[in-house]
Amino acid sequence: MTLKEAIGDYVKDGSHISIGGFTTTRNPMAAVYEIMRRKVRDLHLYVHSNGPAVDELIGGGCVSKIEIAYGGSGKFAATCIRFKKAVQEGTIEIEDYTNYQMTLRFLAGAMGLPFLPTRSSFGTDIIHTWGFSKEARKNDPKVPDEKLVVMDSPFGNWMDAEKVVLVPAIQTDVTIIHVQKADKQGTGRIEGLTFADVEQAKSAKHLILTCEELVDTGDLRAAPDQNQIPFIHVDAVVHVPHGAYPTACHYYYDYDPVYLNEYAKAARDEQLFGEYLKKYVYGVKGQEELIALVGEERMQAIAADPQTGYAKNLKRN
Amino acid sequence: MEYTSREMMTIVAAREIKNGDIVFCGTGISMLAAMAAKNINAPESVIFFETGSIDARLEELPLAVADPRVMYWASSNSGLLDAFATMQNRITGEHVFGILGAAQIDKFGNINSTVIGEYYKPRTRFSGSGGACDVASFVPRSIIFMQQEKRKFVNKVDYLTSPGHLTGNDGRKKAGLPPGGPELVITNMAVMRFDDTTKEMYLAGYYPGVTKEAVLENMEFSVDVSRAEEVEPPTENELTILREKCDPQRLIL
């Protein structure tokens, strides 16, 4: 299946979606750019800590609601720039959770449970301040009535915990994650940190995997303990080399400091941002053209060292 | 030897880290402090990230907690569920030492990294909690890095993202949190700690060339200064290791 087909089939106006990765690593960027090119609108987006993917989707005008723990791209943008602007100007609605809470919410969805408990966030505005009003929640069947609920532990003081915070499950229409290796059937393998990708993947009604390498089934089945995503969860597998670029993909390539710095500069200015979108997003047909546009020299610079999995001595200022 | 306030802050934090500590790091100066401790005074400390990496060999400074540099030569690479379990685990959790940063702090060490102004129409939106509220909720000890400014040391934070000692005294317990809360605040001028009983912030140290009065002038609320002493400046050895080994590209320094 092509990326155009996969995104066209599953990501619609108003869809509830989640995307994998964490800050500047393994964001499913090729899929994000395709969503932007298709001018999908009114997405309800769920992430824990995400950077470039969130910012590009918001910058492309695709998102109307977001449930998030952290919007930042490390040193390249301590707070994601278009995200910041959209929240300040009120052009998107936001609900704040913590990373652990978002992870538990995806896990609850994956397990088919309505909620899971945690001891995180007592006494904070994460509990007291709601982004989506009670009324809006009641009127939207795809969103739970409560942001979260504090309750006394039904087990008394067992494990020295008198109270718990219950966080509601997330079940998305579609989740997109980028993995290092997958086969045609859909089995996926992530190398390095998995973040919450596995929980995100399994909490979706439909799952799209993009992969750096499409490998023979035998290659993955020979070491099944290294595979995190069994094919039974997967709806579409798309082979997209450099599919996480300009974010990093462990053992394949590093993040591209040049691209991320140029993006940050463009994102701060309406005219420059318009030019950026025209050239790098709308002006190319897909990831292959984007990579060609950026050029071989930069790809060489960010190519991962096989031992450490990142580009050693990469200029990152 | 000349040094910057950033170098001073990093070294002051590194000195607090002991062998056996499992150091939870956020992005930026907190990573550098953990690397400095590991290279200078606490070689047996363990650097730990919410993304799931435990005891990676940081040959280059990571620029985010998901940077592939945190994945190299780790004891284990997993994900967020495992990382937050490590902080709550009744055996390993006791050893976790958190390092956080924020835009605003109050006298009980409650911090804001979400918005300045009104939540629904903020003047400035920041990244949000990420894992900060989780760490601040779970771990027994933590450091908070701050810039010493009146608009940052405030009577009331605009949004309480991560719990400190909440309302002081046994505020954490009443709210349902495990024991813990911030142990010290490190700024570009001074070091603050929290009273054992009231959990209220007090001035514990000021840097060479800084007066107690100057610190107070840069805070909206007043703190006890009677226990304050001048902080030892970084040594030549500390500075050399920090500059040459931890951040030779000067990405954070």
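Two residues are in contact here if their C-beta atoms, placed from the backbone, lie within 7 Å. This is a predicted model, where local features need pLDDT of at least 70, side-chain atom pairs count only at pLDDT 80 or more, and totals for chains, interfaces and linings use all residues. Residues are numbered from 1 along each chain as its sequence is written, while chains are lettered from A and ligands numbered from 1 in the order in which they are written.

**Exercise 1. Find out which residues A34(B) touches, and which core it belongs to.**

Step 1. Skip residues up to four places away in sequence, and A34(B) touches I17(B), V23(B), C25(B), I47(B) and I99(B).

Step 2. Now for the core: a nonpolar core is a set of buried Ala, Val, Leu, Ile, Met, Phe, Trp, Tyr and Cys residues joined through C-beta atoms within 7 Å. Buried means that 20 or more other C-beta atoms lie within 10 Å of a residue's own; exposed means 12 or fewer, and partly exposed is in between.

Step 3. The largest nonpolar core has 173 residues, and A34(B) is listed with L57(A), I208(A), L209(A), V23(B), F24(B) and A36(B) as touching the most other members. Helix 2 (residues 29-40) of chain B gives the most to this core, 9 residues. Helices (H or I, at least four residues) and strands (E, at least two) are DSSP runs, numbered from the N terminus.

**Exercise 2. Work out whether I40(B) and A42(B) are buried or exposed, and what lies around them.**

Step 1. Count C-beta atoms. I40(B) is buried because 22 others lie within 10 Å; A42(B) is buried too, because it has 20.

Step 2. Look for partners further along the chain. Leaving aside neighbours within four places in sequence, I40(B) touches A14(B), E238(B) and I241(B), and A42(B) is in contact with I17(B), K18(B), N19(B), D21(B) and A37(B).

Step 3. Check one distance: A42(B) and K18(B) are 24 residues apart in sequence, yet 5.2 Å apart in space, C-alpha to C-alpha.

**Exercise 3. Trace the strands that pair with strand 10 (residues 141-145) of chain B.**

Step 1. Start with strand 10 itself: 4 of its 5 residues are buried.

Step 2. Strands pair if DSSP finds at least two bridges between them. Strand 5 (residues 96-101) of chain B runs parallel to strand 10, joined by 5 bridges, and G98(B) stands opposite S142(B).

Step 3. Strand 11 (residues 182-186) of chain B also pairs with strand 10 in the parallel sense, over 4 bridges. There, F145(B) has I186(B) as its bridge partner.

**Exercise 4. Describe how chain B meets chain A.**

Step 1. 47 residues of chain B are in contact with 51 residues of chain A.

Step 2. On the chain B side, helix 3 (80-88), strand 9 (121-125) and helix 4 (132-138) each supply at least two residues. Helix 4 has the largest share, 4 residues.

Step 3. Sort that side by class: 23 nonpolar, 18 polar and 6 charged residues. Here Ala, Val, Leu, Ile, Met, Phe, Trp, Tyr, Cys and Pro count as nonpolar, Asp, Glu, Lys and Arg as charged, and the others, Gly among them, as polar.
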